[in-house]
Structure formats: C-alpha cells, structure tokens
Amino acid sequence: MSSHPAATQKVTVRKLLQMKAEAEKIVCLTAYDVSFAKLLDEAGVDVVLVGDSLGMVMQGLDNTLPVTMDDMVYHSRCVANGLSRALLMVDMPFMSHITPEIALQNAGRLMKESGAQIVKLEGGSEQRDVVNALTSNGIPVCAHLGLQPQRVHKLGGYRVQGRETDVAERMLEEASVLEQAGADALLLECVPAELATKITKAVSIPVIGIGAGSDVDGQVLVLQDVLGITPGRAPKFSHNFMQGADSIQAAITQYVDDVRSNQFPTQAHIF
Ligand code: KIV
C-alpha cells in the first residue's frame, strides 16, 4: 500500500502549492484509459497526466505532432472516469495554442468536454499571452520547458536542453516570465539537474521534473516506461518498476513510494 498520508483528499492546484511549501514530493504519471487511471488513483498518484505522448504509446506514431484535439478529449474523458482523488492534467497538442484565442477555445474544450483540471502546454516566454489569457479565464496552466517534443524537428532530435550557459540562463528567465504570466505549475523535461534545482528555487510554483534530477518538487514518467513496455531503448531518466514487482499495482505503488521518499530518481537517471 502507498504511504500517502491523506489518500482520500482531492488533489487541487492549491494542494500542489502546499506540497511544494511543505517539501512533500508530488507524484505524477501518465495514463490514457480508465483502467490504468483507476490503478494510479488508488495507488496515490497525485497528478495523472494525459500526455500527447499518447501519439507514441497509444497510436504507434513516431512523434507527438499528429495528435489532435479530438484525440486528447477522447483519452482525457476516459481517464477522468477513473479518477476520484488525483488531479487531471491534460496536454494541449501541437498547434492548439498558437494564439490566445485559439488556446482559449481548445483549453476550454478540454475543461468542458473531458474534465481536465489543468492544461499543460509546451513553450517559453512567447507563450506569455496564452498563459495569461487561460489563467485569467479560470483555466489553470502547467508550462513545459526544457525538451519540448513538439519542437523535435526544430531541435533536431530529442536531446537534453540547457547544458550551455546562455540556454540555461534563458530557461531560468523564461520560468519566471511564465510564473508571472500566471502559470500554476512548471514541468521541466530533460534538463541538467543543477539547472532544474536553480529553477525550482527561483519560482514559487511547483516544478515537476522528468529527467530533471531529484531536487524538483515532483516527478513524472510515462506509464509505459514504468511498466517496462516501451518499444525500443528506454530513456535514461526512466525506470522499469516491474523489475522485482509481482503485479502492475505493486510496480505503480513502488513508483509512488520511491518518488515520495526521494529514492527515485537516482544518479543513474540524472543528466
Ligand atoms: O506527453 C507526455 O507524456 C509528457 C510527459 C513526457 C511529461 O509531456
């Protein structure tokens, strides 16, 4: 069983802020259907993310770019039906937030049609007006910095972001810009641990990391990586929690407990 102290209290955006203030690690994991959503919720996962990674792990695509708003609405609605405690975070897919007006329409759909409680969007300070428009209309936002898979073609591959001093300084600045624009949380993907720690200390909103070291406020992984069923080579920052577990439920509970007690990630998972 998970050791979470308040397993039945509904997780809210305010609760995430409180967890950061109290240095209680936030546990996040992706899900795309009701069966896994239920398992994650029962294991004490705080935030369930319907990521556009569904393009790869549900649809067999090479990247997230073709994922549509209809895909996100469909999978989020399935996941929402399985949650009673966890906060439902849903990705805004590629090109769904290119202007504040388009973003409002699409994020509004995710809130109204699929039960999203916070939306996540990739992008830096150019997203300031979008974040401001959404949050001032009552839509919580998690900004996403570092590796942004929707920019894979511009980046020339999936690589660690922020190793160079100028890129690191820009990312630190962008985190503050997005916080000031109203972002309620920040996700950092594939960022050197030292930089992620700096950003986590610089902002007052919770920072959830994936491949961003252990000194962030919470961790997220893709469910298929946790279950060791990712096709091909698993990313360095992930871990197969099915090793040593006798059921899927046990593996997920181990992930929850290891994140909560800061035993995951280890040095082996860090850039
Ligand atoms: O799409 C997704 O699942 C994500 C995670 C990798 C953070 O954005």
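This is a predicted model: local features need pLDDT of at least 70, side-chain atom pairs count only at pLDDT 80 or more; totals for chains, interfaces and linings use all residues.

With which residue does R109 form a salt bridge? The partner is D70, and the closest N and O atoms of the two are 2.9 Å apart, where a salt bridge is taken as a side-chain nitrogen of Lys or Arg within 4 Å of a carboxyl oxygen of Asp or Glu. Because R109 lies in helix α5 and D70 in helix α4 (residues 69-80), this pair ties together parts that are 39 residues apart in sequence; helices here are DSSP runs of H or I with at least four residues, strands are runs of E with at least two, and both are numbered from the N terminus.

Residues are numbered from 1 along each chain as its sequence is written, and side-chain values use heavy atoms, with hydrogens and water left out.

R109 also meets E113 in a salt bridge, at 3.0 Å from N to O, and these two residues both lie in helix α5, four residues apart, or about one turn of the helix. R109 is partly exposed at 24% relative accessible area, and so is E113 at 35%, the classes being buried under 20%, exposed over 50% and partly exposed in between, with a 1.4 Å probe and protein chains only.

Across the whole structure the search finds seven salt bridges. Another of them joins the side chains of K20 and D217 at 2.8 Å, N to O. K20 lies in helix α1 (residues 13-21) and D217 in the loop between β7 (207-210) and β8 (218-221), so this pair ties together parts 197 residues apart in sequence; both K20 and D217 are buried.

Let me turn to the ligand. Among the residues that surround the ligand are T30, D52, D91, K120 and H144, a residue being counted if one of its heavy atoms lies within 4 Å. An oxygen atom of the ligand is 2.8 Å from an N or O atom in the side chain of K120, and for the side chain of D91 the corresponding distance is 3.1 Å. The protein covers 94% of the 260 Å² of accessible area that the ligand has on its own, as given by the Shrake-Rupley method with a 1.4 Å probe.

Note on methods. A polar contact is a pair of N or O atoms within 3.5 Å; within protein, one must be able to donate a hydrogen and the other to accept it, and residues adjacent in sequence count only if both atoms are side-chain atoms.
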